[in-house]
Amino acid sequence: MEDDIRLVIVEDDDILRQNLVECLDAHGGFRIVAAFGKAEDCLEVTVWDEVDILLLDMELPGMSGLELIERLHQLNVPTKVAVFTNHDDRQLVFQAIQMGALGYVLKGS
């Protein structure tokens, strides 16, 4: 649908990533544009004008979630970022928000 929130997911856990895609697809109101296991793949492939929200894991192999947020900021990407983490580390979350993330969701919530 035209009013669906266009979402890109970056999560390195294959099973969790697939579950997120299936859950959000089934919920309605979302259109999964793409899902990646690594930040680098996300940067190479994503057309940011077609994305409303990036749901981003913080701990990724290679480039971290914080590094990806910083890179998107450097590229002036208009996409909003929501941090998806299993850490209730206030410093990490605060740093992500300072870098431009809108907020965070704890895994398992």
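The lining of the largest pocket is made up of nine nonpolar residues, with no polar and no charged ones. This comes from a predicted model. The chain has 109 residues, and its sequence runs through four helices and five strands.

**Largest pocket**

- The residues that line the largest pocket are Leu7, Leu20, Leu24, Phe30, Ile53, Leu55, Ala82, Phe84 and Val105.
- Two or more of these lining residues come from each of α1 (14-27), β3 (53-57) and β4 (80-85).
- The volume of the largest pocket is about 160 Å³.
- Rolling a probe the size of a water molecule over the atoms shows where empty space is left.

**Order of elements**

**Overall dimensions**

- A compact globule of 109 residues would have a radius of gyration near 13 Å, and the chain agrees with this because its own value is 13 Å.
- Taken along the principal axes, the box filled by the C-alpha atoms of the chain is roughly 35 × 30 × 20 Å.

**Burial, surface and contacts**

- Buried residues account for 39% of the 109 in the chain, where buried means under 20% relative accessible area.
- The chain has an accessible surface of about 6,500 Å², and carbon and sulfur atoms contribute 50% of that surface.
- Of the contacts between residues at least 6 apart in sequence, 60% join residues at least 24 apart.

How values were computed: Residues are numbered from 1 along each chain as its sequence is written. This is a predicted model: local features need pLDDT of at least 70, side-chain atom pairs count only at pLDDT 80 or more; totals for chains, interfaces and linings use all residues. Side-chain values use heavy atoms; hydrogens and water are left out. On a 1 Å grid over the protein atoms alone, a cavity is a set of points where a 1.4 Å probe fits but cannot get out, and a pocket is an open set with protein on both sides within 12 Å along at least five of seven lines; lining residues have an atom within 4 Å of a point. Grid points are joined across faces, edges and corners, and a volume is the space filled by probe spheres set on the points. Ala, Val, Leu, Ile, Met, Phe, Trp, Tyr, Cys and Pro count as nonpolar, Asp, Glu, Lys and Arg as charged, and the others, Gly among them, as polar. The radius of gyration is taken over C-alpha atoms; the globule rule is 2.2 Å times the number of residues to the power 0.38. Buried means under 20% relative accessible area, exposed over 50%, partly exposed in between (1.4 Å probe, protein chains only). Contact means heavy atoms within 4.5 Å. Accessible areas come from the Shrake-Rupley method with a 1.4 Å probe; for residues, only the protein chains shown count as cover.
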